Amino acid sequence: AYTTDSKSREENKKTLENLYKLSVDIKKIRRVKEWVLLQDVAYVKEIAGILQEMGADETTVANILERCPEAILHTPAEINSQRALWQLVCQNERQLIKLVEQFPESFFTIEYHENQKANILFFQELGLKNNIITRFLTSAPSIFYNPVEKNKNVIETLQRNYLSLGGSDANMKIWILKLLSQNPFILLNTYTAIQESLEFLQKNDFTDHEVLQLLSQLKGFIFQLTPATMQKSMLFSKRIFQCSDQELKQLVLKCPALLYYSVPVLEERLEGLLKEGISVAQIRDTPMVLELTTQIVQYRLKKLSALGYDIKNGSLENLNGTKKDFEANYGKIQSKAARPIFNPVAPIHIED
């Protein structure tokens, strides 16, 4: 633990001098993490030297130390150990230094070094590719702070449930790896949370096959929900669409967002659609439109309206999907709108 009592301490002059020589913006550090400058011991030259050995130029070194000044409080031995660890999954040092520059906080969090190492080796054994593991290290570093046994338990729980829901041994590894790649934060869940979510779905008459389908469609995010929030979302949808339990189940399978999004989010999106003149019946036919934010809906409607497309009498399918899907549909409508009503290459019949 480092002291944060700035009133009784003075800034370390040697630290300031060494940072200044590296063209580091000291004012920036003072604004955000002044406590780093108060420490008696700092390894400015040494850490800068390691970064330079890895291929960082002067600007890159300064940028890294400005964004993550606490890096200078780690010993060279600690940073070299971290460097060796990340090299297990990086193609070369050029890739490594690029990652350090983009995600310095992830690289310089060394308190969990042993857990990080054990988890990297576990993920490699599991069959995750190194480029996926590097993505985890930078975008989901917290999963490496868990003891490896905790992550193994979560994976084993998922595997057991996959098989009990009718999944095959042959496909289990692919399913687990895909789920992890889509949502590494699944590893932060507990055994209880996983079981409660699955039991909730089964109690609501989803078949084993349908539960597996939902797990894949929701990319494992379902485990971050509670049965209570899922119940509220389902009751809201049932009331809005005035449907039976069986019809509601089919709507959820068609659009898992009805299960995933909270009531306030669904209310806001529904209200936005209704304001645009879209009916509840249209939304019920194409519930996936609720996956879009109100801003995206407004933007797409504006583009379609400019082509003369009447969404009130048209299909919401043209509004739906990813950005790529929408652009493809938009292009087709635009092409149709621009098409001439006569064939310009047809022969002209005129009387003699």
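Me: Does α8 pass α9 in a left-handed or a right-handed crossing?
Reply: Welcome! This is a predicted model, in which local features need pLDDT of at least 70, side-chain atom pairs count only at pLDDT 80 or more, and totals for chains, interfaces and linings use all residues. Residues are numbered from 1 along each chain as its sequence is written, and side-chain values use heavy atoms, with hydrogens and water left out. A crossing is left-handed if the near helix is turned anticlockwise from the far one by less than a right angle, and right-handed if clockwise; the way α8 passes α9 is right-handed.

Me: At roughly what angle do the axes of α8 and α9 cross?
Reply: Helices are DSSP runs (H or I, at least four residues; strands are E, at least two), numbered from the N terminus, and here α8 covers residues 113-126 while α9 covers 130-139. Axes are lines fitted to C-alpha atoms over the stretch in contact, with angles from 0 to 180 degrees between N-to-C directions. The two axes come within 10 Å, and they cross at roughly 145°.

Me: Which residues of α9 meet α8?
Reply: Contact means heavy atoms within 4.5 Å. On the α8 side, Ile120, Phe123 and Gln124 take part. The contact divides into 4 nonpolar residues, 2 polar and no charged (Ala, Val, Leu, Ile, Met, Phe, Trp, Tyr, Cys and Pro are nonpolar, Asp, Glu, Lys and Arg charged, the others, Gly among them, polar). The partners in α9 are Asn130, Ile133 and Leu137.

Me: Is methionine 54 buried or exposed?
Reply: Look for methionine 54 in the loop between α3 (44-53) and α4 (58-67). Beyond its neighbours up to four places away in sequence, methionine 54 touches Arg83, Glu93, Leu96, Ile97, Val100 and Phe107. Buried means under 20% relative accessible area, exposed over 50%, and partly exposed in between (1.4 Å probe, protein chains only). Because the relative accessible area of methionine 54 is 3%, this residue is buried.

Me: How far apart in space are methionine 54 and glutamine 95?
Reply: Along the sequence, methionine 54 and glutamine 95 are 41 residues apart. From C-alpha to C-alpha, their separation in space is 9.6 Å.

Me: Which residues does lysine 150 contact, leaving aside its neighbours within four places in sequence?
Reply: Lysine 150 sits in helix α10, residues 148-164, and is partly exposed at a relative accessible area of 26%. Leucine 188 lies 38 residues away in sequence, with 8.8 Å between the two C-alpha atoms. Leaving those neighbours aside, the contacts of lysine 150 are Leu187, Leu188 and Asn189.

Me: Against which helices do the buried residues of α15 pack?
Reply: Start with the residues themselves: Leu248, Lys249, Leu251, Val252 and Leu253 are the buried ones in α15. Their packing partners are α13 (208-217), α14, α16 (257-260) and α18 (280-285).

Me: What is the phi of aspartate 205, roughly?
Reply: Most residues other than glycine have a negative phi. Aspartate 205 is in the loop between α12 (191-203) and α13, and with 57% relative accessibility it counts as exposed. Although aspartate 205 is not a glycine, its phi is positive, at about 70°.

Me: And where is glutamine 242, with its positive phi of about 50°?
Reply: Glutamine 242 is not a glycine either, yet its phi is positive. With a relative accessible area of 69%, glutamine 242 is exposed. You can find glutamine 242 in the loop between α14 and α15.
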